[in-house]
Each structure stands twice: as structure tokens, then as C-alpha cells.
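Reader: I am new to protein models. Could you show me how to read one, feature by feature?

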Amino acid sequence: MTAAAATWNKHRNVLLIDAVLLAALYLLPSLSHATALPVYMLEPMRIALIVALLFTNRANAYFIAVTVPLASVLLTGHPEPLKAVLMCIEFSVLIAAYGLLAQRLRIPAFASLVAAILAGKVVYYAMKSVALGAGWLGGSLVSTPVQTQVVLALGTAAIFGLIEYLRVKNQSVP
């Protein structure tokens, strides 16, 4: 077997999941424009990040956390470059917090993910507040209604927690 084939076999699932996630995210702005639906309010980047965290590995989740917001800036011009960097940091905090809570402290997936999303959002809004105060960004501090963010965080965490629960349950069954 060649080195390329061995590498492909080793990383096939991660690469396929990344390809699907990135294609979906790249096509999302077109879908949003075509349907006039504010799809961005569903936080598709965070959902993609959580899918990567669930179905791949932590290194790949960090790759998604950094590349997706920056690629969005380059491909669509949205969000603003500084806001994209803040999102990269927010998503990285989410991954680190989830790793600490779920893997090291053994807190259940649902609670770990809710806390990780909250930690990421606190960091994001603190940095965005500083950027707004310094005049580096325009607009308001909160652009997606807080109620929407809470519902999405809880819903995403519930689905993620259920999948993790079923995964652990299936692994423990002989």
C-alpha cells in the first residue's frame, strides 16, 4: 500500500466529514440569499464545529474552529475580519472547555456542552464589547436575539448529549 493510500485510509472519515461540513457551509450563503431566510441565526458554524467535535477529533475541531470563520470572510465578506477572529477564539474556547469538562472532569456531555457554549459566548461578547468600545467594530453588541441563542445552545447540547449517551451506551453493550 502506498503512503498516500495509507494516509487516506487513516483519515478518510475525518476528511469526508470535513468535506461535507465545508461544502454545506460554503453553500449556506447562497441558500440564505435564494430563500431570503436568515439562516445565519441558526449558528451553522457552531453546529458544524460541534459535528466535527462529535464525529472527528479535537485537532480537527480546532481546524474547523479557525478555518470556517476565516474562509467565510474570504468567500462571502461576512462577518467582518475582526469579528471572524473573535469567532475563531470563541470556538476554540468552546472546544477547550468541552474537553476539560467532558473528558477530564467527566461531566455529562449535555452539561459540558452547555457550559462550553456559554464560556465561548462570554469570551466572545467580552472581546466584542472591547472592540466596539475601541471603535474597531461597528454595530451592536448582540445581533442574534439572546432567546434564539439560548434555544439553539440548549437544543444543540441536547442533541449532542443524546448522541454521546447512545454512543457510550452502545460501546458498553457486549
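Author: Gladly. The buried residues of helix 5 pack against helix 2, helix 4 and helix 6. Helices here are DSSP runs (H or I, at least four residues), numbered from the N terminus. Buried means under 20% relative accessible area, exposed over 50%, and partly exposed in between, with a 1.4 Å probe and protein chains only. Contact means heavy atoms within 4.5 Å. This is a predicted model, where local features need pLDDT of at least 70 and side-chain atom pairs count only at pLDDT 80 or more, while totals for chains, interfaces and linings use all residues. Residues are numbered from 1 along each chain as its sequence is written, and side-chain values use heavy atoms, with hydrogens and water left out.

Reader: Which residues of helix 5 are buried?

Author: They are A109, S112, L113, A116, I117, G120, K121, Y124, K128 and A131.

Reader: What is the phi of R106?

Author: First the general idea: most residues other than glycine have a negative phi. R106 is not a glycine, and its phi is positive, near 60°. R106 sits in the loop between helix 4 (81-104) and helix 5 (109-134), and with a relative accessible area of 65% R106 is exposed.

Reader: How many of the twelve residues of helix 2 are buried?

Author: Nine of the twelve are, so helix 2 is largely enclosed by the rest of the structure. Among them are P44, M45, R46 and A48. From first C-alpha to last, helix 2 reaches 16 Å, close to the 16 Å expected at 1.5 Å a residue.

Reader: Is Q149 buried or exposed?

Author: Q149 has a relative accessible area of 5%, so Q149 is buried. Its place is in helix 6 (residues 146-172). Leaving aside residues up to four places away in sequence, Q149 touches E43, K121, Y125, V142 and T144.

Reader: What does A84 touch, not counting residues up to four places away in sequence?

Author: A84 touches P69, L70, V73 and P79. A84 belongs to helix 4 and counts as buried, at 0% relative accessibility. A84 and P69 lie 15 residues apart in sequence and 5.1 Å apart in space, C-alpha to C-alpha.

Reader: What is the volume of the second largest pocket?

Author: On a 1 Å grid over the protein atoms alone, a pocket is an open set of points where a 1.4 Å probe fits, with protein on both sides within 12 Å along at least five of seven lines; lining residues have an atom within 4 Å of a point. Grid points are joined across faces, edges and corners, and a volume is the space filled by probe spheres set on the points. The second largest pocket has a volume of about 340 Å³. Of the 21 residues lining this pocket, Y98, A102, Q103, A109 and E164 are the closest to its centre. Helix 6 gives the largest share of the lining, six residues.

Definitions and conventions: Helices (H or I, at least four residues) and strands (E, at least two) are DSSP runs, numbered from the N terminus. The expected span of a helix is 1.5 Å times one less than its number of residues.
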